[in-house]
Amino acid sequence: MLLSEMVDKELIQVEGGVHFGILAHTECLIDVQTGKIHGFEIIKDKMPFQKKKVKVSEMIPWHEIILIGEDRILFNKTATVQSEFLQ
């Protein structure tokens with residue numbers, strides 16, 4: 001399956017049935033030397049009215065993906081990463 005065929009698929013976490021949007025709204029994390037996909041990063045901004053924002057991104061590691069179906073991608077869990085930046 002090509003990555004371009006996966007972009008319109010919904011991301012669903014199996015535990016709890018949480019919907020994370022569609023794959024097209026993520027960043028694909030690829031090792032450029034080997035071509036191996038490490039996962040997909042979903043970026044969310046917290047505290048929108050503060051000068052100092054906290055950028056929260058959740059990563060869906062490739063090894064956590066259980067099933068790539070016709071309309072959905074099912075996965076187990078995400079890893080959360082936080083970084084601070086100035087606006």
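Q: Is I73 buried or exposed in this structure?
A: This is a predicted model, in which local features need pLDDT of at least 70, side-chain atom pairs count only at pLDDT 80 or more, and totals for chains, interfaces and linings use all residues. Residues are numbered from 1 along each chain as its sequence is written, and side-chain values use heavy atoms, with hydrogens and water left out. Buried means under 20% relative accessible area, exposed over 50%, and partly exposed in between, with a 1.4 Å probe and protein chains only. Because its relative accessibility is 1%, I73 counts as buried.

Q: Which strand holds I73, and with which strand does β1 pair in the parallel sense?
A: I73 lies in strand β7, residues 72–75, where strands (E, at least two residues) are DSSP runs numbered from the N terminus. Two strands pair if DSSP finds at least two bridges between them. Strand β1, residues 10–13, has 4 bridges in its parallel pairing, and the partner is β7.

Q: Why is one side of β2 and of β6 left without a neighbour in the sheet?
A: The open sheet has 4 strands in the order β2-β1-β7-β6, with mixed pairing. Since β2 (18–22) and β6 stand at the edges, one side of each is left without a neighbour in the sheet, because each has a single partner strand.

Q: How does W62 count, buried or partly exposed?
A: W62 lies in the loop between β5 (52–61) and β6 (65–68). With a relative accessibility of 34%, W62 therefore counts as partly exposed.
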